[in-house]
Amino acid sequence: MLSLARIRDVAQEAGVSVGTVSMVLNHNDYGSAAIRQKVQAAVKKLQYVPSEMARNLSLRRTMTVGIIVPTVSHPFFAELVGALEEALYHLGYKTMLCCTRQKENAEHVFIEMLQRQNMDGIIMGAHSLDTSLYQGLKQPIIAFDRYLSPDIPIVHTDHVQGGHLAAQAFLQHDCRHIVEISGSQMVKTPAGEYHQAFNEVMQAHGVKTDVVALPWNGFGLAESLALAEQIFVDYPDVDGILGSDISVSSCLQVAVRRGIKVPEQLKMVAYDGTFITQNGICRLTAVRQPIEDLAGVAAQKIVNMINGRPDDSPWVLPPILLPGETC
């Protein structure tokens, strides 16, 4: 039976101490070239496989990054989590997922785990109402499209440009009354900038706009369908709708049921541009957030923070307009 080599066997073979072997394996620039060559030759000869757990303990690392989102049942967060997990995997990190919707104190638990060094960093993308949790934290945290603290950097889409892209799509047509579906007004995020930018352009062109908000953490299909029904009751003259993919998909479903022709009588633009904009009754015209690129930036930046490396690369990425059949 093949016996597994231990670190002391490598030390004996190389003629150095166990501590020297550990330092050489964990730090590429430790010791002289001759010492490193001896250790590497012993490792190869004995087919020594270092213990990842022991290595992580010596470095005070878990090689795990926490991801906090409201839910993965929402298309945007589903795509985001998948892209983050893949990006972190290629950087040598595992992920721990926390969904906060309908869970009390979920954020508190994750922050405590970070402080106890059960994970190396957090990418925070939930709709937090208690941002005091993040004040004064020294551990690595990156916010994804959320305002948490002046000391915590944010990765997000250029939502002002996104609002302008949506406005340009509607201005190609003669819309007179557009309803915007936003997230809860209780949460302040960079994404709110696209509504502001959109409204400024529409008002400059004399187009009436109304904003209706989903309830806090209202990410489900049931909430979106209920709000869609209410929009057509409250705004019978609506001829344009702007909102997230799932909100606009719900409005499309209700419009078809009510016999409203899209896009002849009603124009629609979705904001996010996830896979569901391409898989419904018809392809939704959509402003696409660069989810994979955003995830890649967030993953690289949290790893750089964990390793104490400076990072001056951009935090804000541009969206694009996906042509569709609804505007």
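Biologist: Which side chain meets Lys 45 in a salt bridge?
Modeller: Glu 13 does, with N and O at 3.1 Å. A salt bridge here is a side-chain nitrogen of Lys or Arg within 4 Å of a carboxyl oxygen of Asp or Glu. Side chains of opposite charge can pair when their charged atoms come close.

Biologist: What parts does the pair tie together?
Modeller: Lys 45 lies in helix H3 and Glu 13 in helix H1 (residues 7-14), so the pair links parts that are 32 residues apart in sequence. Helices (H or I, at least four residues) and strands (E, at least two) are DSSP runs, numbered from the N terminus.

Biologist: And what kind of model is this?
Modeller: This is a predicted model, where local features need pLDDT of at least 70, side-chain atom pairs count only at pLDDT 80 or more, and totals for chains, interfaces and linings use all residues. Residues are numbered from 1 along each chain as its sequence is written, and side-chain values use heavy atoms, with hydrogens and water left out.

Biologist: Is Lys 45 buried or exposed?
Modeller: Lys 45 is exposed, at 58% relative accessible area. Glu 13 is partly exposed, at 40%. The cut-offs: buried is under 20% relative accessible area, exposed is over 50%, and partly exposed is in between (1.4 Å probe, protein chains only).

Biologist: How many salt bridges does the whole structure have?
Modeller: The search finds 8. One of them pairs Glu 229 with Arg 257, with the closest N and O atoms 2.3 Å apart. Glu 229 sits in helix H9 (residues 221-234) and Arg 257 in helix H10, so this pair ties together parts 28 residues apart in sequence. Glu 229 is partly exposed, at 28%.

Biologist: What about Lys 301?
Modeller: Lys 301 forms a salt bridge with Asp 311, and their closest N and O atoms are 3.0 Å apart. Lys 301 is in helix H11, while Asp 311 is in the loop between H11 and strand E11 (316-317), so the pair ties parts 10 residues apart in sequence. Both Lys 301 and Asp 311 are buried.

Biologist: Which residues do salt bridges join into one network?
Modeller: Glu 229, Arg 257 and Arg 258. The salt bridges there share partners.

Biologist: New topic. Which residues form the negative surface patch?
Modeller: Glu 85, Glu 86, Glu 292 and Asp 293. Lys and Arg count as positive and Asp and Glu as negative, while His and the chain ends are not counted. A patch takes residues with over 30% relative accessible area and no salt bridge; like charges are joined within 9 Å, and nonpolar side chains (Val, Leu, Ile, Met, Phe, Trp, Tyr) within 5 Å. The place of a charge is NZ of Lys, CZ of Arg, CG of Asp or CD of Glu. Accessible areas come from the Shrake-Rupley method with a 1.4 Å probe, and for residues only the protein chains shown count as cover.

Biologist: Which helices supply the negative patch?
Modeller: H5 (75-90) and H11 (291-306) each give at least two of its residues. Glu 85 is in H5. Glu 85 is partly exposed, at 36%.

Biologist: How many residues does H5 have?
Modeller: H5 has 16, and spans 23 Å from its first C-alpha to its last. That is close to the 22 Å expected at 1.5 Å a residue. The expected span is 1.5 Å times one less than the number of residues.

Biologist: Which H5 residues are buried?
Modeller: Among them are Phe 76, Phe 77, Leu 80, Leu 84 and Leu 88. An α-helix has 3.6 residues a turn, so residues three or four places apart point the same way.

Biologist: What follows H5?
Modeller: Gly 92, with a positive phi near 90°. Gly 92 lies in the loop between H5 and strand E2 (94-99). Gly 92 is partly exposed, at 42%.

Biologist: Which residue other than glycine has a positive phi, near 60°?
Modeller: Asp 145. Asp 145 is in the loop between strand E4 (141-144) and strand E5 (154-157), and is buried at 6%. Gln 47 also has a positive phi, near 55°. Gln 47 is in the loop between helix H3 (33-46) and helix H4 (52-59), and is exposed at 60%.

Biologist: Last one. Where is the cis peptide bond?
Modeller: The cis bond joins Val 262 and Pro 263, with omega about 10°. Pro 263 is in the loop between helix H10 (245-257) and strand E9 (267-272).
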